[in-house]
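Thanks for coming. Please have the picture in view.

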Amino acid sequence: MASFLIKAENIDKIYSNESVETRAVQGVSFNLTEGEFVAIMGPSGSGKSTLMQILGFLDYPTEGRYLFRGKDTKNFSADELAKIRNEEVGFVFQTFNLLPRATVLENVELPLLYDTRKSNKEENTQKIKKALEEVGMVHRINHFSNQLSGGERQRVAIARALVNSPAVVFADEPTGNLDSKSGIQVMKILQDLNNEGKTIILVTHEGYTAQHAKRILQMVDGQIIKDESIAERRMADGEKELK
Amino acid sequence: MLQFLNPVKISYRNLMASKLRSLLTIVGIVIGVAAVIIIFAVGKSAQKLIVDQIQGVGSNLIAVMPGAAEDDGPPATIMGISITTLTYSDLKAIINSTGIPEIEAGAGYVDGTVGISQKDVNLNASLTGTTASYMDVENAALLSGRFFNIDEEKNLSRVVVLGNSIARDLFEKDDPVGGKIKIKDQNFTVIGVLEERSSGGFGVADQDGAVFIPLKTAQKLILGIEHLGYIRLKISNSEMSELVEAEVASILRQEHNIQDIANDDFTIRDQATTVETLNQITDVLRYFLLAVGSISLLVGGIGIMNIMLIVINQRMREIGLRKAIGARDTDIIIQFLIETVTISSIGGIVGIFTGVVVSFLVSMVAGAMGYTWSFIISPFSIITAVLISVAIGVIFGIYPAKKAAKISPMESLRYE
């Protein structure tokens, strides 16, 4: 049996308040191996962001099992989840979420501050520089984040997600707030990272953006209705054209 | 180290980003801390001033006052009630008693306020009728002339000794000795002027502003009374004061035909007890003022809490982000506590500085007004102020910080 990085089994997520019960995710199962580039695609309200939050350890599933590196995450304490988020996961958000009154360096440094593994200042500086090199932002290292353009901010956010060398990078609508040129740049960076072996999970509602991934999970009403690789799809599209 | 330095740096930038708001929050703490420092310093200095003045008269004095005192409370005469049970013969009985060799001297006193005139100068001044032994008992000194003697004391002589400042008020630059003044329209001859003494101490009118005439003259010609206001005894050894007090009490009981101690119509106090009582009174006052100061600190603390709760709402996304990248609840709590402690500590430091400066100004003003005012800043009050301001940061920061830590990263990242 192949060892999966992520194994989701029948995951449900139910939000309930006094009167209404919302099933954001229903019976989702899928596996993911290291080095994949998966796009979770669907219209708004399809549950794709909720699924990403569960997979990214920001939320617990209501039902079902979520195994990460073969371990059931159900019984992880809040501190253990924080440790996993710090060491194994990197997030890129639609709204960048950089600290406005901190420099590029300080923003990228942030995950290192919460890293409980031992490292010295020099190692940290090396990590920060390496992450910024990946996104081509070393030249802006001492600028404040509010002095950057949207595209630059998102690149810094990607560097922040990379600095602790996580197993997976989650990107939630990373191009949603960007102009098309910057969007293309950001997607190119994600693709390059994947080509270097980094696992990437992209959440998007745009078909075009999803095309950058190698595998697409199509979600509607909290369920995965289609799980196909881009290669398969291209082949199918080719067949259609031939007909 | 990095984990602490970065939040300090970031909280500093956050403070600078909303300067007015930070300033107002800090001012709340500044006022509270400064109030505590000032109350400590000014209170201590005032206490020292009063105690020094009493001890300046001599620590080996025993006062006998008419009227009974309730336990440790003040005797009725201090409240302005006139009691006539103490007389000149009581004083004589005490002085002439062979049983108390420790008594070196004793003086009787009557006080009043009278109109005094010299040529065109008219004023009201306090008058003390006393015995010739006054100089010895009170450790007083003469600037010029002499004090009245026992003969003058007994003969209803119309002689007067002037306090230092009233001598100047009446005679300006002229030599008062040999001059004439009118007290209650009766002619008196000035025979001496006392040396300056800033105050006669507790229970005695300000010596510099008073005129002194023989006891009987005061009783018969000026005040029209028979009794004594109080008696003061100078003893050779202040450690013997309790024994002397007991002896004096037994003499007075004999004189007044008192069988039961409960019926005592006099009160005996030594200087040490008076100092202690005064210290107690001023301490109570100081603690009361301190309580008032603490209220302003409390209000300042509530101000911090209020601002932090607003700040947390404003920085919801930041909190969510920090949690998303691996901050534990304790990391978030520490982050916000560092911010509140930074605010309260800045307030504390500025407050200490303000308090010290104001206390110093008070001492300058008091000095300029002629008081021997010492500028006292106790290290204790500084340490207390520092600890209090840090504690306020922690106490009023912990609730908002915990609230921030409880925010779910998912919800806060969604927060608009």
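Leaving aside residues up to four places away in sequence, A:Phe68 touches A:Ile6 and A:Thr73. Touching, or contact, means that the C-beta atoms of two residues, placed from the backbone, lie within 7 Å. Before going on, the ground rules: this is a predicted model, in which local features need pLDDT of at least 70 and side-chain atom pairs count only at pLDDT 80 or more, while totals for chains, interfaces and linings use all residues. Residues are numbered from 1 along each chain as its sequence is written, and chains are lettered from A and ligands numbered from 1 in the order in which they are written.

Back to A:Phe68, which sits in strand β4 of chain A. Helices (H or I, at least four residues) and strands (E, at least two) are DSSP runs, numbered from the N terminus. Along the chain, A:Phe68 and A:Ile6 are 62 residues apart, yet their C-alpha atoms are separated by 4.9 Å. Is A:Phe68 buried or exposed? A:Phe68 counts as buried, because it has 20 C-beta neighbours inside 10 Å. The rule is that 20 or more other C-beta atoms within 10 Å of a residue's own make it buried, 12 or fewer make it exposed, and anything in between is partly exposed, with C-beta atoms placed from the backbone.

Compare A:Ile184, in helix α6 (residues 180-195) of chain A. A:Ile184 is partly exposed, because 16 other C-beta atoms lie within 10 Å. A:Gly151 is 33 residues from A:Ile184 in sequence, and the C-alpha atoms of the two are 9.7 Å apart.

Now the sheets. Strands of a sheet pair through backbone hydrogen bonds, either parallel or antiparallel. Here, two strands pair if DSSP finds at least two bridges between them. Strand β4 of chain A belongs to an open, antiparallel sheet of four strands, in the order β2-β1-β4-β5. At the edges stand β2 (21-32) and β5 (71-72) of chain A, each with a single partner strand, so one side of each has no neighbour in the sheet. Five bridges hold the antiparallel pairing of β1 (residues 6-16) and β4 (residues 63-68) of chain A. In that pairing, A:Lys7 stands opposite A:Leu67 in β4(A).

Chain A has another open sheet, with six strands in the order β6-β7-β8-β3-β9-β10 and mixed pairing. Its edges are β6 (89-92) and β10 (223-229) of chain A; each has a single partner strand, so one side of each is left without a neighbour in the sheet. On average, and ignoring direction, neighbouring strands of this sheet are turned by 15° against each other. Within the sheet, β3 (residues 37-41) and β8 (residues 199-204) of chain A run parallel and are joined by five bridges.

Helices lie against this sheet. For the angles, axes are lines fitted to C-alpha atoms, for helices over the stretch in contact, and angles run from 0 to 180 degrees between N-to-C directions. Helix α1 (residues 48-55) of chain A lies across β3, β7 (168-172), β8 and β9 (215-220) of chain A, at about 150° to β8(A). Helix α5 (residues 150-162) of chain A touches β6 and β7 of chain A, and its direction makes about 170° with that of β6(A).

Helix α5(A) also meets α3(A): their axes come within 7 Å and cross at roughly 35°. Among the residues in that contact are A:Val104 and A:Leu110 in α3(A), and A:Val156 and A:Ala159 in α5(A).

What about the interior? In soluble globular proteins, nonpolar side chains tend to be buried together. A nonpolar core is a set of buried Ala, Val, Leu, Ile, Met, Phe, Trp, Tyr and Cys residues joined through C-beta atoms within 7 Å. In this model the largest such core has 111 residues, and A:Ile40, A:Ala159 and B:Val33 have the most contacts inside it. Helix α2 (residues 19-57) of chain B gives the most to this core, 14 residues. A:Ile40 touches residues including A:Leu51, A:Ile201 and A:Leu217.

Last, chain B and the contact. Chain B has 13 helices and ten strands, and 40% of its 416 residues are buried. How many residues does each chain give to the contact? Chain A gives 20 residues and chain B gives 20 residues. On the side of chain A, the largest share, six residues, comes from α2(A).
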